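Trainee: Hi, could you walk me through this structure? I'd like to go piece by piece.

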Amino acid sequence: YKKFGLFSQVTKTFLKEQLKLFGSLRFDYNPEFNPAFTPRLAAVYTLHQKHNFRFTYQLGYRFPALFEALSYVNNGRVKRVGSLSYINEGLGYLENSYTQASVINFNAAVSAQGNTDAAALANRNLLVWANLPKARPEKINSFEIGYKSVLANNKLVVDIDAYSNTYDGFLGQVQVYVPKGETVGSDAAVLAMLDRNRDATAATGNTAASKGQDRYRVYTNAKNKYHNFGSALGLTWIFYKKYTLAGNVSYNKMKATNTNDIFVTGFNTPEWTTNLSFGNREVVKNIGFNLTW
């Protein structure tokens with residue numbers, strides 16, 4: 001499992017070096033996936049030598065990590081499996097499985113109606129075909145604007161930014177159920193999803209027909225695109241000799257989506273994050289301290 005990359009950047013100044021433009025291009029190749037190009041454009045404009053305004057656009061990719069791509073771990077009743085399609089060969093969890101949530105809802109309805117085969121077949125529409133996509137790298141489009149300056153006779157540093165991101169193909173895990181030896185949609189596959197048939201094997205004539213189910217926890221990509229946005233403010237004040245007081249606050253918000261996805265995404269950044277710090281880089285020669293809350 002390997003990846004190769006190349007990177008190049010060009011910088012140009014204008015308006016007596018008040019405006020700096022940056023352009024970069026990165027190429028990444030992982031033999032398991034299509035090649036990926038990631039451009040980045042940025043501009044910094046400096047006003048009166050101390051007010052710096054910046055803008056950045058970039059596109060980025062994250063290839064599945066080693067465990068996300070290649071894992072096959074038997075945790076007893078559930079096997080954790082990677083996202084590469086050849087791990088799926090002979091197992092069927094990508095194209096021949098039902099989602100865990102739908103199987104739970106299905107069994108609840110069947111149980112309420114007597115837990116019979118007839119009740120199972122009558123509620124078959126509750127089962128949702130997982131139809132997991134072939135894995136691909138995560139992708140992000142990002143815009144950022146910001147301002148930074150050193151004010152008050154070089155004693156106060158101010159840094160403000162705002163951003164907007166769009167994620168496509170968030171990687172995460174979803175649990176699915178595969179009907180042993182059966183095809184999703186058939187009567188036998190529906191009956192295999194019953195809790196009482198979880199580990200069952202039934203004999204028919206001289207052959208053994210499996211009626212049980214295999215459970216897999218699969219690394220796969222989210223089907224929806226996700227948008228998040230936020231802003232941050234940071235202040236650093238040198239208030240006495242080398243003593244500094246600093247603080248920052250950031251806001252991060254994930255925009256809600258109108259349609260349910262196959263799993264809950266791993267975006268777990270809190271909406272508000274704050275910290276305050278007090279320190280001195282050099283109280284005496286080569287010795288300093290910093291306290292942060």
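Trainee: What covers the buried residues of helix 2?

Mentor: The cover includes strand 7 (98-99), helix 3 (117-122), strand 10 (171-179) and helix 4 (187-192). Contact here means heavy atoms within 4.5 Å, and buried means under 20% relative accessible area, exposed over 50%, partly exposed in between (1.4 Å probe, protein chains only). Helices (H or I, at least four residues) and strands (E, at least two) are DSSP runs, numbered from the N terminus.

Trainee: Before we go on, what sort of model is this?

Mentor: This is a predicted model, where local features need pLDDT of at least 70, side-chain atom pairs count only at pLDDT 80 or more, and totals for chains, interfaces and linings use all residues. Residues are numbered from 1 along each chain as its sequence is written, and side-chain values use heavy atoms, with hydrogens and water left out.

Trainee: Back to helix 2, then. Which residues are buried?

Mentor: S102, V103, F106, N107, A109 and V110 are the buried residues of helix 2. Seen down the helix axis, they fall within an arc of 165°, so they line one face; the arc is that of the directions from the helix axis to the C-beta atoms.

Trainee: And which exposed residues sit on the face turned away?

Mentor: A101 and A112. After helix 2 comes G114, which has a positive phi near 105°.

Trainee: New topic: in what order do the 10 strands of the open sheet run?

Mentor: The order is 1-2-3-4-8-9-14-15-16-17, with antiparallel pairing. Two strands pair if DSSP finds at least two bridges between them. Strand 1 (4-14) and strand 17 (287-292) are at the edges with a single partner strand each, so one side of each lacks a neighbour in the sheet.

Trainee: How many residues lie between strand 2 and strand 3 in their hairpin?

Mentor: Six. Strand 2 (residues 19-29) and strand 3 (residues 36-47) are antiparallel and share 10 bridges, and K20 has V44 of strand 3 as its bridge partner.

Trainee: And how many between strand 3 and strand 4?

Mentor: Three residues separate those two in a hairpin, and H48 in the turn has a positive phi of about 55°.

Trainee: Last one: is E68 buried or exposed?

Mentor: E68 is buried, with a relative accessible area of 13%. E68 belongs to helix 1 (residues 66-70). Leaving aside neighbours within four places in sequence, E68 is in contact with R62, G82, S83, L171 and Y219.
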